[in-house]
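Reader: Hi! Could you walk me through this fold before I set anything up?
Author: Happy to, let's look at it together.

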Amino acid sequence: MTTLASVIDTYLGCIRPKENLIPMTIHFDETDDRKFRVSDAGRCRLYRYWKRQGKERQQPDAKGLRIMEVGNIYHAWLSYALHESGVLLDSEIEVENEHCKGHADVFVNVDGQYILYDLKTISSKQAGYMLSNGCKVKKEHAYQVLSYYMMMDKGEIFTKDQRTTCLIMPHECRIAYITREEMEIIAEIPVDQDLLPHVKKDWQILISAWKKQEEPQANPEAWECKFCPYKATCNKSVFLA
């Protein structure tokens with residue numbers, strides 16, 4: 001299959017005017033927790049409930065903020081490169097409904113295939129582990145991109161700061177994993193759309209709990225509690241013992 005990596009490699013081999021080397025980007029506010037964030041899809045429902053509720057939590061340290069900013073910078077550059085290469089349909093597509101809000105990373109047309117990508121920057125160490133273990137998509141990453149897909153399928157999206165109708169739906173959803181150090185796309189993995197019923201059920205349980213204003217049952221993956229900003233006060237952490 002044609003990949004983003006091959007598109008970017010071709011782009012890097014082209015001679016470009018100096019003034020076109022630095023992309024101009026818009027940074028979206030991801031700190032507005034009045035709605036559930038699509039970027040939190042697939043994570044512990046109690047974590048997501050508390051986050052929307054505004055419960056006090058530990059904030060990222062300087063290192064964490066730097067890591068997130070590197071991801072933002074790379075996403076912006078990659079979107080610019082895809083635009084210059086002629087394959088980008090849109091980027092940072094804002095999707096929103098009554099309870100959820102988020103921004104889908106990039107939507108491209110490569111060889112007639114409309115593909116929705118979620119971009120994940122990881123360390124070289126994480127990349128090595130992933131490559132040695134069969135390059136499997138993490139559950140929460142799959143749930144995120146499929147959530148964007150579902151919200152685009154409702155027909156109403158925000159693009160270029162204006163509400164519009166989504167006339168073209170992706171043929172496929174993929175996760176692209178990119179190393180922070182080398183800026184290398186090490187894997188582009190299609191996401192199985194058979195997971196859609198599970199994604200819908202996850203959101204239904206969470207939104208139902210919100211409507212009732214009842215805390216949902218915690219359902220963290222093994223890694224979540226260790227890094228959870230609520231771990232100091234949560235008594236439902238089952239993986240910390």
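Reader: In which sense do strand β2 and strand β3 pair, and over how many bridges?
Author: Strand β2 (residues 88-96) and strand β3 (residues 100-110) pair in the antiparallel sense over seven bridges. Two strands pair if DSSP finds at least two bridges between them. Helices (H or I, at least four residues) and strands (E, at least two) are DSSP runs, numbered from the N terminus.

Reader: Thanks! Before more, what kind of model is this?
Author: This is a predicted model, where local features need pLDDT of at least 70, side-chain atom pairs count only at pLDDT 80 or more, and totals for chains, interfaces and linings use all residues. Residues are numbered from 1 along each chain as its sequence is written, and side-chain values use heavy atoms, with hydrogens and water left out.

Reader: Back to the strands, then. What do β2 and β3 form, and which residue is the bridge partner of V95?
Author: They form a hairpin with three residues between them, and V95 has G102 in β3 as its bridge partner.

Reader: And how do β3 and β4 run?
Author: β3 and β4 run antiparallel, joined by five bridges. These two also form a hairpin, with two residues between them, and D111 in the turn has a positive phi of about 55°. F107 stands opposite L116 in β4.

Reader: Is β4 (residues 113-122) buried or exposed?
Author: Eight of its ten residues are buried, so β4 is largely enclosed by the rest of the structure. Buried means under 20% relative accessible area, exposed over 50%, and partly exposed in between (1.4 Å probe, protein chains only). β4 also pairs with strand β7 (residues 172-179), in the parallel sense over eight bridges, and L119 has A176 as its bridge partner there.

Reader: Nice. Switching to packing: which residues touch the most other members of the largest nonpolar core?
Author: L116, Y177 and W203 do, in a core of 43 residues. Helix α5 (residues 139-153) gives the largest share, nine residues. Another core lies apart from it, with 20 residues, including I8 and A176. A nonpolar core here is a set of buried Ala, Val, Leu, Ile, Met, Phe, Trp, Tyr and Cys residues joined through side-chain atoms within 4.5 Å.

Reader: What does W203 touch?
Author: Not counting residues up to four places away in sequence, W203 touches F36, R37, V38, A41, R48, C100, S147 and M150. Contact means heavy atoms within 4.5 Å.

Reader: How do α5 and helix α6 cross?
Author: The axes of α5 and α6 (residues 196-212) come within 10 Å and cross at roughly 85°. Axes are lines fitted to C-alpha atoms, for helices over the stretch in contact, and angles run from 0 to 180 degrees between N-to-C directions. The two helices are therefore roughly perpendicular to each other, a label for 65 to 115 degrees, with under 35 roughly parallel, over 145 roughly antiparallel and the rest oblique. Among the residues that meet are Y143 and L146 in α5 and L196 and H198 in α6.

Reader: What about D40, buried or exposed?
Author: D40 counts as buried, at 6% relative accessibility. D40 is found in the loop between β1 (36-37) and α2 (45-53). Leaving aside neighbours within four places in sequence, D40 is in contact with Y47, R48 and K51.
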